[in-house]
There are 2 protein chains.
Amino acid sequence: MQFFDKKEETRTPISDIGEFGLIEHLTKDIKTNNINTIKGIGDDAAVIDIDEKNFQVISKDLLVEGVHFDLAYTPLKHLGYKSVVVSVSDIISMYAKAQHIIVGIAISNRFTVEALDELYSGIKLACEKYNLDLIGGDTTSSSSGLMISVTAIGKVEKNKIVYRSGAKKNDLVVASGDLGAAFLGLQVLKREKNIFLQNPKVQPDLSGHDYILQRQLKPEAAERYIKILEELKIQPNSMIDVSDGLSSELIHIAKSSKVGINVYEDKIPIDHTVMNFSNDLNLNPIYCALNGGEDYEVLFTIKQDDYKKIEKDPDFTVIGYVTDESEGVNLITNDGSSHPLDAKGWDSIVKNQNT
Amino acid sequence: MQFFDKKEETRTPISDIGEFGLIEHLTKDIKTNNINTIKGIGDDAAVIDIDEKNFQVISKDLLVEGVHFDLAYTPLKHLGYKSVVVSVSDIISMYAKAQHIIVGIAISNRFTVEALDELYSGIKLACEKYNLDLIGGDTTSSSSGLMISVTAIGKVEKNKIVYRSGAKKNDLVVASGDLGAAFLGLQVLKREKNIFLQNPKVQPDLSGHDYILQRQLKPEAAERYIKILEELKIQPNSMIDVSDGLSSELIHIAKSSKVGINVYEDKIPIDHTVMNFSNDLNLNPIYCALNGGEDYEVLFTIKQDDYKKIEKDPDFTVIGYVTDESEGVNLITNDGSSHPLDAKGWDSIVKNQNT
C-alpha cells in the first residue's frame, strides 16, 4: 500500500546502472553554494575550508550486516575496529590526518548489551590506535540486523591535500603494501562457514591463514605509509584508497583526472601467502587484487622525478604509468597484451587465462 | 555459528537498560584527547574548535525503515526532506547555522532508480530550503529495507553556542511553536493503514488533517524561531530540539544542567486541531506532547530578565521554570498536583486521568 506516492511510470532496477552509476545519476545536478565548500561529492571525502591554513576533510561509510559483514565469522570487536578503519582510510587518502569520528548504530533486539560492549571495545581500540576522538553518535533500533555508519573528520594543510583528480600524464602509478589478501581471507571464512553449516561438529580450520584473515577481519588504514611518503618528501598528484579493488580505484583516478592508465600484471604487489593460497583455491591472485577490495592500501600517482625517492622503498610498488585519456585504463598482462579494465569486467580475462 | 566470539557470560537484553541507558553505558568511559574537541557525546551535536571566532557543530541521525518510517504511508520525497530536517534540527538547537550535509543510504534491491530519485528530490528540496550543500555520501546495498544516515555540519560564533547543560535555577522554560501534532499525524496514518489492510478498496480518509499530517510527514526545523530569538536579542542558557517528546527533552536538560524543572499542564502549547482530534482518538493531547516526539520544535531556558522580550510573542510559550536538582522534573497538572516525569512513565498519569 502506498496511498501517497505517484505511480512510477518506469521502474528501472538499480542493477541496470550499478552502484557507481546510481551515485552519478542521483548527484549529477547537485551544486554547492556555501563559499566554504571546497569539494563536494566525487572523492573519498568532502572538503570544507575551515581556516587560513587548513582544509577539513569529512568521510562517511555505512557497513550493513549481510552485505559488508557476516556475523557468523566476524567477531564484533574486529567489526567495530574495521568500521572505524574504513572511514579513516578515506581521510588518509586525501593526505589528511583523521581526528574525530561520529558513530551511528542501528541494532535489532537480538543484540545484547554485552555484544555491543564488544563492538564498542573495537571502536575504542581503533580510536586509540589512530588517536581519534569519538565525539558523537546515534544509537537506534533496526527491524533486522546491524548497521554501522561512521563519519570521520580530519584536517590537512591546504597545499598538501591530494584529490583523485590530480593525476597527470606520465605520472607513475604506485600502490602501498600488497593487494588481494583481504579478499582471500574472506574466501577462507566463507569456505569454513559452509563446512560448518554442513557439519557443525567440524572445527573451523583457519591455521596458516593468519595474514589474510587479519587483512580481512582487522585491516589497518594506510596511515604509516603516508608518514613515510611525507618523510620521503613526496607530494602525490592524486590518491585514492583501495576499498573496492584495484581495478575500480584505477578507473576512479582515470575518470576524475581525465587520463588513461596502464598497469602491469607482473608489477602488482601480492604477498607470497596470497600467491600460494590463491592457487589452492583455484583463484588467480591478480583477480583477487583487481576485484577483491578491502585492502585499504593507498593507490597514488607521483611525478617521474620522484621515482628515485621511492624506488628502493619496500613499502611501495610502482605498478604502471599515466597515459592519455584516449588510451583508457588497461592491464598489460605478462604476455605483453593489453586488456581494458572495468570495475567488473576483469573476470572474463582471468577466466580466459585459467582455462 | 560464531567461531570467533567469546562466549558471553551474561546476556543482558538492551530493553533492560533502554536506549538512553545503552548510550550512557557504551560511552561512559570515552575520553577526548584532541585539543580541538570542545564537546563530545552528550548533546544534540558534537562541537569542534575550528578557528578563533567559530565552533563547528556536527550531528548525525539514522532513520531506519520499520522503526522510524513506514513506506506504506510515507512518500519517499517527504522522507528525504524529513531525513535532512531531523539532522538540521540538531544543529539549530546548538544555536548554530547548518551549512553542509552528508547522506548515507542503504537500499535493498526492491527499490528502483525512480524511487531513489523521489527520495533525493526531497533531500535536494531540503537543501534549498535550509541553504545546505550536499557534499558527500555513501550509497550501498542493504539486505532488507531502507536506511538513511544524515550527517549535518554547521557553524556558530563561540560566544553564541548553547548547550543542553547551561540551564540555571530560576530560568524560564520555553517551547517554540506547538507540540504533539506530529504524533497525532502518525496515529491517523496508522489508522488509515489498518483500515486499508482490512479492506483495500476503501480509500484513505485523510481530509481535515492537513496540519498534523504535515507535521508528521514534512516537518520543518526550528530555524525561523532561532532567527526571531536573535532579533529579540535573547541568548538562551540551554536548548534542545524536541525529537523524542517534551518529557524526554526536559529530562535531558535537567540531567545535563544538574537542575530540576517544573512545567505546567495548562501551559503546554497545543494546536487547536490537536486538541479536538486527540479527543476523537481518545488520546490525551498532553500525552501526545510529552511522549509523542518528532515535533522538531526547540525547548530552551532563558533568564527571567528576558521574560519581557518574549511574553507577547506568539511563537513562544513559557511552560515552566528551572528548580533545584533535588526537586526533579515534574508536571504540575491542572488540579495543582505535581507528578514526576520520566521518559516513559507519563503513560500511567494519563491513564489515571482518563479513567
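## Two helices of chain B

The model is a predicted one. In it, the axes of α2 of chain B, residues 76–92, and α3 of chain B, residues 113–129, come within 6 Å and cross at roughly 40°. The crossing of the two helices, α2(B) and α3(B), is right-handed.

On the α2(B) side the contact involves residues including Leu76(B), Leu79(B), Tyr81(B), Val84(B) and Val85(B), while α3(B) contributes, among others, Ala115(B), Leu119(B), Tyr120(B), Ile123(B) and Cys127(B). Taken by class, the residues in the contact of α2(B) with α3(B) comprise 12 nonpolar, 5 polar and 2 charged.

## Val88(B) within helix α2

Val88(B) lies in helix α2 of chain B. Apart from neighbours within four places in sequence, Val88(B) is in contact with Ala98(B), Tyr130(B), Ala152(B) and Ala221(B). The C-alpha atom of Val88(B) is separated by 9.4 Å from that of Ile58(B), a residue 30 residues away along the chain.

## Helix α3 of chain A

The 17 residues of α3(A) should span 24 Å at 1.5 Å a residue, and this agrees with its end C-alpha atoms, which are 24 Å apart. Within α3(A), the buried residues are Leu116(A), Leu119(A), Tyr120(A), Gly122(A), Ile123(A), Lys124(A), Ala126(A) and Cys127(A). The cover over these buried residues of α3(A) includes α2, β4 and β5 of chain A, together with α1 of chain B. After α3(A) comes Asn131(A), which has a positive phi, near 50°.

## The contact between the chains

The contact takes 76 residues from chain A and 75 residues from chain B. On the side of chain A that touches chain B, the elements giving two or more residues are the helices α1, α3 and α4 and the strands β2, β3, β4, β5 and β6 of chain A. Of these, β5(A) gives the most, with 9 residues. By class, the side of chain A that touches chain B is made up of 36 nonpolar, 28 polar and 12 charged residues.

Note on methods:
Residues numbered from 1 in each chain as written. Chains lettered and ligands numbered in written order. Predicted model: local features only at pLDDT ≥ 70, side-chain atom pairs only at ≥ 80, totals over all residues. Contact = placed C-beta atoms within 7 Å. Helix = DSSP H or I, 4+ residues; strand = E, 2+ residues; numbered from the N terminus. Nonpolar A, V, L, I, M, F, W, Y, C, P; charged D, E, K, R; others polar. Axes fitted to C-alpha atoms, helices over the stretch in contact; angles between N-to-C directions. Left-handed = near helix turned anticlockwise from the far one by under 90°. Expected span 1.5 Å × (residues − 1). Buried ≥ 20, exposed ≤ 12 C-beta atoms within 10 Å, placed from the backbone.
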